[in-house]
Structures are given as C-alpha cells and as structure tokens.
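Subject: Structure for you to look at

Hello,

Please find the structure below. Have a look at it first, then read the notes.

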Amino acid sequence: MDYVAAFSQWGFLMAFLFCLVSSINKENKSPVYLSALMLCSYIFGSYIRLLDNLYLNWAFYDFMTIVALLSLQYFNFFKRNKAFLFLVLALTANGVLTLLLYYDLYVQYNFEAWWYWSVYSIGVNLIDVSMMLSLVVNQLKSNRLIEKL
C-alpha cells in the first residue's frame with residue numbers, strides 16, 4: 001500500500017512541476033494552483049492521520065480537498081475549467097468508494113474478498129491517474145489556446 005501512495009504522490013508532484021514549468025510567463029496560473037492543492041492533499045493524507053481509521057482518513061482528505069477547491073474557486077483564486085470540474089467529480093467518486101469500503105469492512109465486518117474490493121482497488125487507482133492526467137492535459141490545452149491567440 002505504501003508503494004501505491006508513493007506513486008500517487010509522485011504523479012501529483014510531476015503534474016505540479018509540469019504545470020509550474022509550463023505556466024512560466026503565463027497569466028493563467030490556475031493549473032498550478034489546482035495541482036499544488038492536489039499534491040498537498042495527497043501528501044498530507046498519507047502522513048498526517050487526523051482520524052484513527054485509514055479509510056476514514058482518506059475519505060476525509062478527499063472531501064476536505066473538495067471543500068478547499070470549491071472555496072478557492074468561490075473566492076476567484078483560480079478559474080473554473082474542465083480540470084477543476086473533473087477533480088471535484090473524481091474526488092467525490094474516490095471518497096464515496098472509500099466510505100463504502102469502510103462500511104463493508106468495519107460496520108458490516110465483511111472480511112471475505114468479493115467483487116467490490118477489486119472495483120475499489122482498480123477504481124481508486126484509475127481515478128488517481130486520471131486526475132493527474134487531467135491536470136497535465138488541461139495545461140497542454142491552455143498553452144495551445146494561448147499560442148493560437
């Protein structure tokens with residue numbers, strides 16, 4: 001599990017660095033702020049345990065990141081774009097999947113593997129990778145639009 005967390009942190013770090021380098025001398029810094037927030041969320045979520053249970057802690061960080069994204073967007077800290085909307089949707093899906101796994105393990109006391117565990121494992125990791133890619137693709141698209149103007 002530590003390798004998966006390290007991969008997620010590395011991926012968001014690479015997305016942040018790509019957005020940072022790509023936005024030098026550009027007016028729109030929204031992708032940098034989005035990727036920095038995601039990087040901080042995943043790093044803090046891995047090292048700072050606010051809740052006793054690992055799955056509740058992950059779900060808490062997902063939902064707090066959504067609150068932070070919506071709050072910063074409300075105060076016009078960055079512009080709403082497709083990456084922002086995808087991050088909110090993907091974090092919601094991650095949080096719901098994690099809460100359902102917590103419910104299955106710690107409320108229902110189900111310890112026999114079933115199909116949901118595979119859906120959770122594959123789903124959460126695919127969602128994480130797609131969030132990283134959405135930040136990079138969003139930055140690439142914004143750079144092309146600016147170059148065309």
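The notes below cover the cysteines and then the helices.

This is a predicted model, in which local features need pLDDT of at least 70 and side-chain atom pairs count only at pLDDT 80 or more, while totals for chains, interfaces and linings use all residues. Residues are numbered from 1 along each chain as its sequence is written, and side-chain values use heavy atoms, without hydrogens and water.

Cysteines. A disulfide is a pair of cysteine sulfur atoms within 2.5 Å, and the count here is 0. The reason is distance: the sulfur of Cys19 lies 14 Å from the closest cysteine sulfur, that of Cys40, which is too far for a bond. Cys19 is buried, at 0% relative accessible area, whereas Cys40 is partly exposed, at 37% (buried is under 20%, exposed over 50%, partly exposed in between, with a 1.4 Å probe and protein chains only).

Helix α1. Helices are DSSP runs of H or I with at least four residues, numbered from the N terminus. Helix α1 covers residues 2-22 and reaches 30 Å from its first C-alpha to its last, close to the 30 Å expected (1.5 Å times one less than its number of residues). The buried residues of α1 include Phe12, Phe16 and Cys19. Seen down the axis, the buried residues of α1 fall within an arc of 165 degrees (taken from the directions from the axis to the C-beta atoms), so they line one face of the helix. On the other side, Asp2, Tyr3 and Val21 are exposed.

Helices α3 and α4. The axes of α3 (residues 54-74) and α4 (residues 82-107) come within 8 Å and cross at roughly 155 degrees (axes are lines fitted to C-alpha atoms over the stretch in contact, with angles from 0 to 180 degrees between N-to-C directions). That makes the two helices roughly antiparallel, a term for angles over 145 degrees.

Regards

Notes. Angles under 35 degrees count as roughly parallel, over 145 as roughly antiparallel, 65 to 115 as roughly perpendicular and the rest as oblique.
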